[in-house]
Amino acid sequence: FTKPGPHVAMARILRQDDIPGDNVAHRIIKVTGKLPVLIVNGNPDGLDAKMLKLALTPQEGADQKHLVLPTVVPVAKVVQQGDFALYRVVVLVDAPRLPESVTRSLEKFVTEGGGLMVAPGRGAIPKFYNKWTDSKRRNFMPAKLIDRQIRPDKPSRAAMNTFTHAALTIAGDTAYSDMDKAAISAWWKMS
C-alpha cells in the first residue's frame, strides 16, 4: 500500500467450482502509516527507555522513514495519560508499579485490541505484577516474576537455533543480526 488509511483488499480463487459466488472475498483493512508506541519509563536515569526508542528509530532527523513513532513518558506522568487510544502499543520499561486507574485503563486498551509489552528491569516490583488482576479477578500478566538473576561473570547467550518463528527469522540470521554476540547478564526468572 502506498498510503495509510482504509483500503479494500481482494482475494480471488482462479479455479472454477460449483459455487462461483464464494470464489471472491473483499475486506476493508486499515493501513497504519506509523505505529504510535508509548514507552512508559520507570527508570529515573531513563537509559533503558532511551535505548528502546533508539532501537525503534535508529536515525533521527534526515527523512524520518521509520514505521514506529515512539513517545517516552516517565512513569510518574502516565497517570495524566488517561486513556491510551492514541497508541497501538504501550511498553512498560522498568516500571516499578502503576496506580489502579492506570492498570484499569491498560486493561481496557488491551481488551480493545491494543498491545502491551512489559520489560521489567531492576526496579520492577514482582508483588505488583504478580497480583495484577483484571476486572474479573483473573491474572492479567501471563507469567509471574520470581526473582531477578544477575550474573555478569557468567552471561547467557541467545539460543540461535530456537529463532524459528517467522517474526524472529531476521534476528536469528547472523547475516542481518548480531544477536548471537549479545551477552545477557541480568534477567527475570518467571513461572
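Author: Gladly! Let us begin with a term: helices here are DSSP runs of H or I with at least four residues, and they are numbered from the N terminus. Please keep in mind that this is a predicted model.

Reader: Thanks. How far apart in helix H2 are Arg-104 and Glu-107?

Author: Arg-104 and Glu-107 are 3 residues apart in helix H2, which is about one turn of the helix. Their side chains meet in a salt bridge, with N to O at 2.7 Å.

Reader: What does Arg-104 do with Glu-100?

Author: A salt bridge here is a side-chain nitrogen of Lys or Arg within 4 Å of a carboxyl oxygen of Asp or Glu. The side chains of Glu-100 and Arg-104 meet in one, at 3.5 Å from N to O. These two are 4 residues apart in helix H2, so about one helical turn separates them.

Reader: How many salt bridges does the structure hold?

Author: The structure holds 6 salt bridges. One of them joins Asp-134 to Arg-138, with the closest N and O atoms 2.9 Å apart. Asp-134 has 11% relative accessibility, so it counts as buried, while Arg-138 is partly exposed at 49%.

Reader: Which strands does S3 pair with?

Author: Strand S4 (residues 68-74) runs parallel to S3, and 7 bridges join the two. In that pairing, Leu-35 stands opposite Val-68. Strand S5 (residues 89-93) also runs parallel to S3, joined to it by 5 bridges. Here Val-40 stands opposite Leu-92.

Reader: Which residues touch the most other members of the largest nonpolar core?

Author: A nonpolar core is a set of buried nonpolar residues joined through side-chain atoms. The largest one has 21 residues, and Leu-92, Leu-98 and Tyr-129 touch the most other members. The elements giving two or more residues to this core are S3, S5, helix H2 (100-111) and helix H3 (126-130). H2 gives the most, with 3 residues.

Reader: What does Tyr-129 touch?

Author: Leaving out residues up to four places away in sequence, Tyr-129 touches Leu-92, Ala-95, Pro-96, Val-118, Ala-124, Met-141 and Leu-145. There is also a second, separate core of 6 residues, which includes Val-37, Val-68, Val-91 and Val-93.

Reader: Which residues form a nonpolar patch on the surface?

Author: Leu-47, Met-51 and Leu-54 form that patch, with about 300 Å² of accessible area together. Leu-54 lies in helix H1 (residues 47-56) and counts as partly exposed because its relative accessibility is 46%.

Reader: And how should I read backbone angles?

Author: Most residues other than glycine have a negative phi. Asp-94 has a positive phi of about 55° although it is not a glycine. It lies in the loop between S5 and H2, and Asp-94 counts as buried at 3% relative accessibility. Arg-137 also has a positive phi, near 70°. It is found in the loop between H3 and strand S7 (145-150), and at 63% relative accessibility Arg-137 counts as exposed.

Reader: One last item: what does Lys-30 touch?

Author: Lys-30 lies in strand S2 (residues 24-31) and counts as exposed at 73% relative accessibility. Not counting residues up to four places away in sequence, Lys-30 touches Gly-5 and Pro-6. Lys-30 and Val-8 are 22 residues apart in sequence, and their C-alpha atoms are 8.9 Å apart in space.

Notes:
Residues are numbered from 1 along each chain as its sequence is written. This is a predicted model: local features need pLDDT of at least 70, side-chain atom pairs count only at pLDDT 80 or more; totals for chains, interfaces and linings use all residues. Side-chain values use heavy atoms; hydrogens and water are left out. Two strands pair if DSSP finds at least two bridges between them. Patches are made of residues with over 30% relative accessible area and no salt bridge: like charges are joined within 9 Å, nonpolar side chains (Val, Leu, Ile, Met, Phe, Trp, Tyr) within 5 Å. Accessible areas come from the Shrake-Rupley method with a 1.4 Å probe; for residues, only the protein chains shown count as cover. Buried means under 20% relative accessible area, exposed over 50%, partly exposed in between (1.4 Å probe, protein chains only). A nonpolar core is a set of buried Ala, Val, Leu, Ile, Met, Phe, Trp, Tyr and Cys residues joined through side-chain atoms within 4.5 Å. Contact means heavy atoms within 4.5 Å.
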